[in-house]
Amino acid sequence: MTTVTSSRELPMYNRVVRRLFGSWDQTQLTFSFGLVLLMAISPLIIRSPYYIGVIILASLYAFIGISWNIVAGFTGQLLIAHIIFLGLGGYTTIVLLNNFGISPWFGILMGGVIAAIAGGIVALITLRYGLKLDYFALFTIALLVAMRTLFLKWEFVGGAVGMYLRLETPSVAKMIFASKLPYLYISLILLAAGVIIQYLIYRSKMGKYFIAIREDEAAAAALGVNTTLYKTLAVMIGTALAGVGGGFYVIYVTYIDPTGIYNLGVNAEIVMASPIIGGLGSLIGPLLGALVNKPIAEIIRANLAEARSGITLIVYGLFLIASIMFMPRGLAGLIHNVYDRLRTPTHQEEL
Amino acid sequence: MSPEIFFQTLINGLFTGGIYALVSIGLTLIYGVMVIVNFAHGEFLTLGIYIAYWAFTLLGLDPYLSIPVAIILVGLLGAMIQRGLVQQVLDAHPLNQIILLVGVSTLLMGLMQFFFGAEPKTMHVSYETEVIKLFGLRMAIPRLIAFLASMFVSVGLYGFLKYTRLGKAIRAVSQSRQAAKLVGVNVNYIYMLTFAIGTAITAVAGVLLSPNHRMIPTMGQTYSVIAFVVVVLGTMGNFMGAFLGGLIIGVVEAYAGFYLGGDVKIIASMMIFILILLFKPSGLFGRQGT
């Protein structure tokens with residue numbers, strides 16, 4: 001390891017710093033990968049499978065949070081009941097595996113495809129006429145209740161009992177491992193992919209259109225942005241990622257049932273809480289939020305939920321309320337302020 | 001379907017529809033005045049039904065006597081939620097408003113689950129199985145009372161909005177916030193009052209529903225969804241639309257329940273919802289393009 005004390009190395013050091021932390025977007029990306037890396041090396045210190053499990057789900061929550069962040073955070077579309085698409089991806093994966101013997105490696109991708117198709121249909125029905133934002137939110141919640149009713153009655157997917165992964169001997173093809181580590185690395189690869197996809201969208205022209213639609217849809221349309229197309233694209237990208245996340249979620253927790261997944265409380269925990277705590281619309285928000293959200297969810301479940309039911313709902317309700325009332329830009333907003341403060345003095349020196 | 005079953009199903013549908021109308025009027029009133037969708041709406045119905053349950057179980061109070069209690073308690077809670085939370089986000093991005101109200105909904109469900117338990121409860125009043133027969137149609141007493149009471153409350157509220165000074169002020173604010181302010185209406189007070197009225201009459205619907213009805217802390221979600229469908233059908237913010245829409249959805253559900261079975265009848269409401277969104281998103285009473 002070289003130290004950066006010698007003056008000859010300083011330009012190099014400056015260049016690296018500028019490359020990694022030159023802009024707030026860059027900084028968020030750097031921190032995101034730093035966090036992914038930290039989670040990747042965490043098994044060196046953390047041996048307990050229980051805590052590894054928490055990290056796996058935290059990274060999965062972050063990935064799912066990114067999928068919602070693209071729809072709600074970037075584009076401002078109120079796809080509240082996003083968990084519908086998580087459920088669709090999960091069911092697709094487990095039906096393909098249990099009923100047709102198709103490997104989850106392919107099944108998870110199919111989950112993403114099915115979820116994206118469903119998302120596209122929903123977007124076309126609801127966004128075609130430039131419906132008001134509220135209507136879209138209402139529609140997704142109504143759809144969630146309808147999906148729950150439908151799946152409770154649908155015996156092919158297990159009805160009210162749901163579907164369970166058959167416990168078999170470990171096999172790579174079926175994504176069944178004895179140790180938790182392979183699951184950790186699969187979920188971290190997913191998360192890294194999510195971080196990159198989110199960043200590329202954010203930097204692309206499409207991402208700029210998404211944000212223009214969020215800020216003022218009428219103005220964006222007046223400037224020639226095909227808002228229906230880009231809203232539909234945002235929903236399809238978000239739902240595709242949610243479907244993939246749902247597929248892996250089901251393989252990891254080994255079961256899925258209608259009341260457990262098509263559920264607004266679960267939706268608040270798995271989908272909404274992480275990006276909102278972390279900062280909706282920011283790049284690092286879903287990741288930061290998930291690292292706060294999942295451990296807290298675990299602590300509640302381990303210590304409090306036994307004592308009295310309802311605690312989880314109370315905590316998530318308060319999370320959502322408090323975030324909007326006191327911290328609408330989330331944790332990322334706080335860090336952004338610190339970042340700006342750190343940068344200003346150097347500007348003044350230059351002046 | 002014999003004529004007898006046809007009319008019996010119609011009556012059942014109208015009875016359910018009366019409750020839906022009451023819940024939806026609350027939602028549409030809040031939307032009309034504040035242009036905010038109360039995503040926690042169904043939870044106020046759940047509060048009403050639990051207030052009736054506890055008043056009956058602890059104090060032996062007949063459910064219909066707990067209506068004033070429900071109005072006062074839930075109205076106050078509604079006013080507090082409006083003043084403390086909703087008022088602060090009225091000018092924020094709709095996303096923030098909705099996240100806030102989803103948070104309120106989650107919190108209320110959690111609190112009810114915490115204090116009342118997650119297991120289903122049912123209260124049994126002495127007259128719950130009594131039936132009136134009229135022209136060969138059977139009408140259970142509690143459901144008949146619920147229907148008549150919901151009609152009474154709806155008409156009363158309509159009269160209040162139409163003829164009283166305060167009601168006129170509420171309508172003025174819903175027509176134009178600025179103009180109402182100019183003629184001296186205290187807009188923020190009207191907001192709080194409207195939220196209180198909207199949530200209180202929803203709690204009344206819960207009380208009316210309570211005899212012999214299975215209650216769980218999360219039951220409000222279903223009623224929120226039904227109210228969403230109704231107010232979109234009857235045009236958001238339109239009082240008569242919500243009233244008629246509630247009855248229509250009640251009747252449609254009754255026939256759908258007859259053909260599809262009780263649990264899947266919500267699919268019928270969903271189909272109506274999709275059809276409205278596709279062909280007339282402004283609702284039955286809306287002008288084209290709004």
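Helices here are DSSP runs of H or I with at least four residues, strands are E runs of at least two, and both are numbered from the N terminus. With that settled, chain B has 11 helices and 2 strands, and its order along the sequence reads α-α-α-α-β-β-α-α-α-α-α-α-α.

A quick word on provenance. This is a predicted model, where local features need pLDDT of at least 70, side-chain atom pairs count only at pLDDT 80 or more, and totals for chains, interfaces and linings use all residues. Residues are numbered from 1 along each chain as its sequence is written, while chains are lettered from A and ligands numbered from 1 in the order in which they are written.

| Property | Value |
|---|---|
| C-alpha trace span along the principal axes | about 55 × 45 × 35 Å |
| Buried residues (20 or more other C-beta atoms, placed from the backbone, within 10 Å of their own) | 53% of 290 residues |
| Share of contacts (C-beta atoms, placed from the backbone, within 7 Å) with a separation of 6 or more that join residues 24 or more positions apart | 77% |

Now the interface. The contact takes 40 residues from chain A and 38 residues from chain B. On the chain A side, the elements giving two or more residues are α5 (104–127), α6 (133–153), α12 (264–278) and α14 (311–326). The most comes from α6(A), with 13 residues.

Technical notes
Two residues are in contact if their C-beta atoms, placed from the backbone, lie within 7 Å. A residue is buried if 20 or more other C-beta atoms lie within 10 Å of its own, exposed if 12 or fewer, and partly exposed in between; C-beta atoms are placed from the backbone.
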